[in-house]
Amino acid sequence: MTTMSYQDGNVLDGPLRELFAVDLSGATGRCASCGRTGPMAELHVFSHAPGLVARCPACEAVMLRLVRSPDRAWLDLRGATFVEVPMPTES
């Protein structure tokens with residue numbers, strides 16, 4: 001893979017917040033390739049394409065792809081075995 005600059009996974013917060021009712025920057029994900037588990041905010045996010053591509057910081061495998069158009073979004077999470085989302089406790 002050629003060296004390209006990336007942003008951290010916090011850049012996914014706004015685009016994913018449009019799809020989900022919770023903040024996913026505090027969520028935990030596991031890489032399907034190497035098994036690393038860690039915060040989604042630590043992913044390396046590349047925006048040099050039509051969408052966002054988030055890669056594992058350990059093995060650089062693609063964990064998430066997000067592409068938007070004016071009327072829909074495509075989210076591909078096949079590179080993650082799970083995404084664990086912390087939910088607020090009910091009062």
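Q: What is a polar contact here?
A: A polar contact is a pair of N or O atoms within 3.5 Å; within protein, one must be able to donate a hydrogen and the other to accept it, and residues adjacent in sequence count only if both atoms are side-chain atoms.

Q: And the ground rules?
A: The model is predicted: local features need pLDDT of at least 70, side-chain atom pairs count only at pLDDT 80 or more, and totals for chains, interfaces and linings use all residues. Residues are numbered from 1 along each chain as its sequence is written, and side-chain values use heavy atoms, with hydrogens and water left out.

Q: Which side chain has a polar contact of 2.7 Å with Asp76?
A: That of Arg65. The Asp76 side chain also has a polar contact of 2.9 Å with the side chain of Arg78.

Q: Is Asp76 buried or exposed?
A: Buried, because its relative accessible area is 16%. Buried means under 20%, exposed over 50%, partly exposed in between (1.4 Å probe, protein chains only).

Q: Where does Asp76 lie?
A: In strand β7, residues 72-76. Strands (E, at least two residues) are DSSP runs, numbered from the N terminus.

Q: New topic. What is the strand order in the open sheet?
A: β3-β2-β8, with antiparallel pairing. Two strands pair if DSSP finds at least two bridges between them. The edge strands are β3 (37-39) and β8.

Q: How many bridges join β2 to β8?
A: Four. Arg30 has Phe82 in β8 as its bridge partner.

Q: What does Pro86 touch?
A: Gly26 and Ala27, leaving out residues up to four places away in sequence. Contact means heavy atoms within 4.5 Å. Pro86 lies in the segment after β8 (80-84).
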